[in-house]
Amino acid sequence: MNAVELLKHDHEAVKQLFERLGKTTERGIKTREELMRHLHEELMTHARLEEEIFYPAFRAASGKEGEVLFHEAKEEHRAVEALILPDLEKTDPASSEFAGRVKVLKDMIEHHIEEEEQEMLPKACELLGEERLEELGAQMESRRKELKRQAGERAA
Ligand SMILES: [Fe+2]
Ligand SMILES: [Fe+2]
């Protein structure tokens, strides 16, 4: 998979997790906890791949216009990681507050994904070219494996 395909693939996985979370109720505590763990891992890994590999390559190729997109995207990651996700993870999945917080996170992430897919990714395709996108995709795949291994070691 090239870098753009890989990112879109991740986006779909995240959207599906939100859809499943949206169908849970206050009685489905175990399911909510499990989906939250999964979502956390998907979001953090995806953000690392973008921030370490894809965004810098995009930024380097894109000049002034891309600079704004770059900072905006990074700031949205930060808001999710530092504020919204930790709050949600502290929220009792048996409470009615939980669904409200999931909805806010979902809206924010969908907006972020849409901006990446409508603006950043098409621009990246134009600027970087197929060969470079393949190379970045391979780098991201191997970084993902490394992050998974590290997460496994921490959990053990
Ligand atoms: Fe992103
Ligand atoms: Fe993304």
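Reply: A salt bridge here is a side-chain nitrogen of Lys or Arg within 4 Å of a carboxyl oxygen of Asp or Glu. By that criterion the structure holds 15 salt bridges. This is a predicted model, in which local features need pLDDT of at least 70 and side-chain atom pairs count only at pLDDT 80 or more, while totals for chains, interfaces and linings use all residues. Side-chain values use heavy atoms, with hydrogens and water left out, and residues are numbered from 1 along each chain as its sequence is written.

One of the pairs is Arg-144 with Asp-10, whose closest N and O atoms are 3.0 Å apart. Arg-144 lies in helix α3 (residues 96–155) and Asp-10 in helix α1 (residues 3–22), so this bridge ties together parts 134 residues apart in sequence. Helices are DSSP runs (H or I, at least four residues), numbered from the N terminus.

For accessibility, buried means under 20% relative accessible area, exposed over 50%, and partly exposed in between (1.4 Å probe, protein chains only). Asp-10 is buried at 5%, and Arg-144 also counts as buried, at 16%.

Helix α1 also holds Lys-15 and Glu-12, three residues apart and thus separated by about one helical turn. Their closest N and O atoms are 3.6 Å apart in a salt bridge. Lys-15 is partly exposed at 29%, as is Glu-12 at 40%.

Arg-59 and Glu-67 meet through their side chains at 2.8 Å, N to O. Arg-59 is partly exposed, at 33%, and Glu-67 is partly exposed, at 24%. Finally, a network of salt bridges links Arg-48, Glu-51 and Glu-81.

Technical notes
Chains are lettered from A and ligands numbered from 1 in the order in which they are written. Helices (H or I, at least four residues) and strands (E, at least two) are DSSP runs, numbered from the N terminus.
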